[in-house]
Amino acid sequence: MWAALRSRLLQPSPPSLLNQQWKLGFAGLGRCLSTSGAESVGDRGLLDLQEVEKVLSDVKADDVRVIPAGKHFDWADYMVVATGRSTWHVKNIAQALIYKAKQKQKGARHIILPSVEGQDSGKWIVVDSGKVIVHALDEKARAYYDLENLWTAEPPQKESKQDLDKAFVKIRPKNNSKKPAKIST
Amino acid sequence: MCIQALKGKKGARLGETIVVSVKEALPNGKAKKGNVYRAVVVRAAMQRGRCDGSEVKFDDNACVLVDKQGQPIGTRVFGPVPHELRKKNHVKILTLAQHIA
């Protein structure tokens, strides 16, 4: 049964499986996820974009913005930025997302929770659920960190690649010595 | 300058938190000289093994100043940062970074 499940999951999308293996390592299963955990890699615990939007509208989060982050990140598809009115509201947003993820996986053998950062202070909480990363900030933090500007500007990586191509061109050294150049066979 | 690693006697590696004191500061920066903060190591010259057997190492040692709750003090992070920060729950630093190695 294990082998059948493993083969079924490994066939469709190998790259995304690697990404999910990276992600699920946080659950304390160790750095490299063994293939026996491949059964739980399926998208049950990880939230989709529609579900995240629904939860955020239920909790009445202000100013929800979705930024497709495929260009910047390989491992995430969407960044969602939401504002809370107070620290308690920000914590509530994070709790609601975790609750939704738990509900989605009711009755499963292993429950995979999305990892949460910044739970102690209510200023900036990040809920990382695989493809979708949700940032819950309060008003001041949003103005301070200014995440939308960071992500909507084009990443200027193309220029550095061209320089690298030029750098690897091989140049024949000039022979200024009085000895004749050795002819390599 | 690093004072000590937060967890463990043998020192901190990539992705771990350390206690630092500021030795040089820009006059209009948020960090003042002589203050003690926490920091997260983002680049280390020591190689770090990855899941798939490859190793990562950088040319310099660098860290990002962080407060006691784990919020980065600055607003942007320059230079490449490795993937390992995601597993150590430093997604905030990853989102502020310009380039992810």
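Lys54(A) and Asp58(A) sit 4 residues apart in helix H3 of chain A, which means that about one helical turn separates them. Their side chains meet in a salt bridge, with N and O at 3.8 Å; the term stands for a side-chain nitrogen of Lys or Arg within 4 Å of a carboxyl oxygen of Asp or Glu. Lys54(A) and Asp58(A) are both exposed, where exposed means over 50% relative accessible area, buried under 20%, and partly exposed in between (1.4 Å probe, protein chains only). Helices (H or I, at least four residues) and strands (E, at least two) are DSSP runs, numbered from the N terminus.

A word on the model before going on. It is a predicted one, where local features need pLDDT of at least 70 and side-chain atom pairs count only at pLDDT 80 or more, while totals for chains, interfaces and linings use all residues. Residues are numbered from 1 along each chain as its sequence is written, chains are lettered from A and ligands numbered from 1 in the order in which they are written, and side-chain values use heavy atoms, with hydrogens and water left out.

Back to H3(A), which spans residues 49-59. Which of its residues are buried? They are Leu49(A), Val52(A), Val55(A), Leu56(A) and Val59(A). These residues sit on the same side of H3(A) because they cover an arc of only 130° around the axis, the arc being that of the directions from the helix axis to the C-beta atoms. The face turned away from that buried side carries Gln50(A), along with Lys54(A) and Asp58(A), as exposed residues. On the buried side, H3(A) packs against E1, strand E2 (78-84), helix H4 (87-104) and strand E5 (132-138) of chain A. Contact here means heavy atoms within 4.5 Å.

Most residues other than glycine have a negative phi. Lys60(A) is not a glycine, yet its phi is positive. It belongs to the loop between H3 and E1 of chain A, and Lys60(A) is exposed at a relative accessible area of 57%.

Val64(A) is partly exposed, with a relative accessible area of 35%. Together with Val66(A) and Tyr78(A), Val64(A) makes a nonpolar surface patch of about 200 Å². Patches are built from residues with over 30% relative accessible area and no salt bridge, with like charges joined within 9 Å and nonpolar side chains (Val, Leu, Ile, Met, Phe, Trp, Tyr) within 5 Å. The areas come from the Shrake-Rupley method with a 1.4 Å probe, and for residues only the protein chains shown count as cover.

Zooming out, chain A has 7 helices and 5 strands, and along the sequence they run α-α-α-β-β-α-β-β-β-α-α-α. Of its 185 residues, 38% count as buried. Chain A exposes about 12,000 Å², with carbon and sulfur atoms supplying 55% of that.

Now for chain B and the largest nonpolar core. Such a core is a set of buried Ala, Val, Leu, Ile, Met, Phe, Trp, Tyr and Cys residues joined through side-chain atoms within 4.5 Å. The largest one has 28 residues, and Val81(B) and Ile93(B) touch the most other members. Helix H2 (residues 91-96) of chain B gives this core its largest share, 4 residues. Apart from this core lies another, of 18 residues, with Val55(A), Ala82(A), Leu97(A) and Val127(A) among them.

Chain B also has a positive phi in a residue other than glycine: Asn89(B), near 65°. Asn89(B) lies in the loop between helix H1 (84-87) and H2 of chain B, and is partly exposed at 30% relative accessible area.

How many salt bridges does the structure hold over all chains? The count is 6. One of them joins Arg50(B) and Glu84(B), with N and O 3.0 Å apart. Arg50(B) is in the loop between strand E4 (48-49) and E5 of chain B and Glu84(B) is in helix H1 of chain B, so this pair ties together parts 34 residues apart in sequence. Both partners count as buried: Arg50(B) at 17% relative accessibility, Glu84(B) at 2%. Elsewhere, Asp63(A), Arg65(A) and Arg142(A) are joined into one network by salt bridges that share partners.
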